[in-house]
Amino acid sequence: MEIGAASSCSKEHQKIYHEWFAFADSGPIPTPPLIPIPLLAAVRDLTRFDPLPCSRADGDGRITGPDAIKFFGMSRLPRADLKQVWATADSKRLGYLGFGEFVTAMQLVSLAQAGDEITPDSIKRDDLSSLNPPVLEGLDTLLARSKHLVKRVDQAVDGFPQAQGPSTDHWFTSKSSKKIPLTAVTSVIDGLKRLYIEKLKPLEVAYKFNDFVSPLLTNSDFDAKPMVMLLGQYSTGKTTFIKHLLKTSYPGAHIGPEPTTDRFVVVMSGPDERTIPGNTLAVQADMPFSGLTTFGTSFLSKFECSQMPHPLLEHITFVDTPGVLSGEKQRTQRSYEFTGVTSWFAAKCDLILLLFDPHKLDISDEFKRVIGSLRGHDDKIRVVLNKADQIDTQQLMRVYGALMWSLGKVLNTPEVSRVYIGSFNDKPVKESAVGPIGKELFEKEQDDLLSDLKDIPKKACDRRINEFVKRARAAKIHAYIIGHLKNQMPTMMGKAKAQQRLIDNLEDEFAKVQREHHLPAGDFPYVDHFRDVLGGYSIDKFEKVKPKMIQAVDDMLGYDIPELLKNFRNPYE
């Protein structure tokens, strides 16, 4: 499965685009005395746009909207065409163009100059890589006069530059109280990092949100690639499904009719083929798995990463899980909290696939608990009825009905879950069993599922924003709950009895907080889980609600995030 179109071109064109990219990323058009005033005025007239305010010459490997407006304006294309060029090149809506996206944009500009209409499908054209660079009037003169300003970008394999933005690791580790300057923010994700550190994280730390709900976020949590988690009983084809998409096996994969995958395996991109043990993975700063240390060594010994170089893994990371087994005995034999781990991954993942086998439609007690742990992530869930070519058409109809009946008892939502039917492996469909109509159905279902997967990278930035807003609201409610419980504690005597009374009547206390602050009941945490964690704390030692912290989060949700999205939207809108 391929996602998007690789930005390829000849070495000659690549050298030209490399020079253009470095120039566009080096800052505004040089000011005197490097460029005579008449020439500078002529260039400004040529671009037909108002001059940009002076900004720093960053050379950060990202071309943002302000960088692009004047540079792309040299093409003399109408604003409507440039708007479509940017929207198509920045398909992930990150708010900037890396080198690969820049090459795509330049190829689309060439198409538009040739009179072709720019559409999202233009990126799929076979002749895109053979197009000559576009005509950018006045650029050669500017390049000649500012050669010494253009910073060379380190080249990777095949001469392509490393499309990495400025490092933001120190934002999360620095003990300095200084605020992160706005000029350091060059993308939507960077903006979310800044808002988290300055406004949301202080609230989480003050009221121990990380112990009750979710660990504190790190730099790698924001920068991680989109993840897809596969859940299901043993031998429903989870590992085979990943192998089918990659069109090859991955390190450590084992497939068989018995329960083969006995651990959580993260399949992700890497320079070479290797496996990384869970304990090592959890302490790597560039990996988004540090939060899994809360589940202990027993889990980490059953967790590993499988790395390999693969085009698909450049865009998506897969999480293969152990088969969910039947019976209470199987749950007690696990040395870690299985549902807790699946819930942790569910919060991080962009898509969750529940795989079923026509011969394994029963939903065991453990599977029911696992699906229950996905609460709040219903929009991510997709159901896959795999190995459907093992039964004939009449049986398939009955199996589908039975599956929907079983799911209806577990998924407490009024909507019908999307179910994909097919046989997701490398073997041809058994047409003798399903007939020509069944084969056509499977092909269409597979195309729909692959289309859903291809959309994940495009929606990844929107998903990050969505999860960030959900987290902010949860942290705010958590602070209200803790503050309310703190206010119910006596000043001097009887603190132990008062705390026990509050813990026993936690449902009523939640209701009081909801009425007092007019909060939706669906946003409140699980009472039982909250009660368990709260039992390990002394409520009296928590801080009272600080209105300034709450107001900072409200301002972030009501003003800062909308303003951030506005600043990094399509510059031609």
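Biologist: Why is threonine 88 called buried?

Modeller: Buried means under 20% relative accessible area, exposed means over 50%, and partly exposed lies in between (1.4 Å probe, protein chains only). Threonine 88 has 7% relative accessibility, so threonine 88 counts as buried. This is a predicted model: local features need pLDDT of at least 70, side-chain atom pairs count only at pLDDT 80 or more, and totals for chains, interfaces and linings use all residues. Residues are numbered from 1 along each chain as its sequence is written, and side-chain values use heavy atoms, leaving out hydrogens and water.

Biologist: Where is threonine 88, and what is it in contact with?

Modeller: Threonine 88 sits in helix α4, residues 79-89. Helices (H or I, at least four residues) and strands (E, at least two) are DSSP runs, numbered from the N terminus. Contact means heavy atoms within 4.5 Å. Setting aside neighbours within four places in sequence, threonine 88 touches Leu108, Ile118, Thr119, Pro120 and Ile123.

Biologist: What makes histidine 518 exposed?

Modeller: The relative accessibility of histidine 518 is 71%, so histidine 518 counts as exposed. Histidine 518 belongs to the loop between α20 (506-517) and α21 (527-534). Its phi is near 55°, a positive value in a residue other than glycine.

Biologist: How do you know that the buried residues of α19 line one face of the helix?

Modeller: In helix α19 (residues 495-504), Ala498, Gln499, Leu502 and Ile503 are buried. Seen down the axis of α19, these buried residues fall within an arc of 135°, so they line one face. The arc is that of the directions from the helix axis to the C-beta atoms. Ala496 and Lys497 are exposed on the other side of α19.

Biologist: What makes arginine 418 and aspartate 448 a salt bridge?

Modeller: A salt bridge is a side-chain nitrogen of Lys or Arg within 4 Å of a carboxyl oxygen of Asp or Glu. Arginine 418 and aspartate 448 meet at 3.3 Å, N to O. Therefore the pair passes the test. The pair links distant parts of the chain, 30 residues apart: arginine 418 is in the loop between α17 (393-410) and β10, aspartate 448 in helix α18 (residues 431-488). Arginine 418 is partly exposed, with a relative accessible area of 33%. Aspartate 448 is also partly exposed, at 37%.

Biologist: Which salt bridge does arginine 531 form?

Modeller: Arginine 531 pairs with aspartate 528, the closest N and O atoms being 3.2 Å apart. Both lie in helix α21, three residues apart, about one turn of the helix. Arginine 531 is at 19% relative accessibility, so arginine 531 counts as buried. Aspartate 528 is exposed, with a relative accessible area of 53%.

Biologist: How far apart are the closest N and O atoms of lysine 193 and aspartate 190?

Modeller: They are 3.8 Å apart, and the pair forms a salt bridge. Lysine 193 and aspartate 190 both lie in helix α8, three residues apart. Both are buried. Salt bridges that share partners join Arg62, Asp190, Lys193 and Asp223 into one network. The structure holds 27 salt bridges.

Biologist: What makes β3 and β7 a pair?

Modeller: Two strands pair if DSSP finds at least two bridges between them. Strand β3 (residues 227-232) and strand β7 (residues 317-320) have four bridges, in the parallel sense. One of the bridges joins methionine 227 to threonine 317 in β7.

Biologist: In what order do the eight strands of the open sheet run?

Modeller: The order is β5-β6-β4-β7-β3-β8-β9-β10, with mixed pairing.

Biologist: Why is one side of β5 and of β10 left without a neighbour in the sheet?

Modeller: β5 (274-277) and β10 (419-421) stand at the edges, each with a single partner strand, so one side of each has no neighbour in the sheet.
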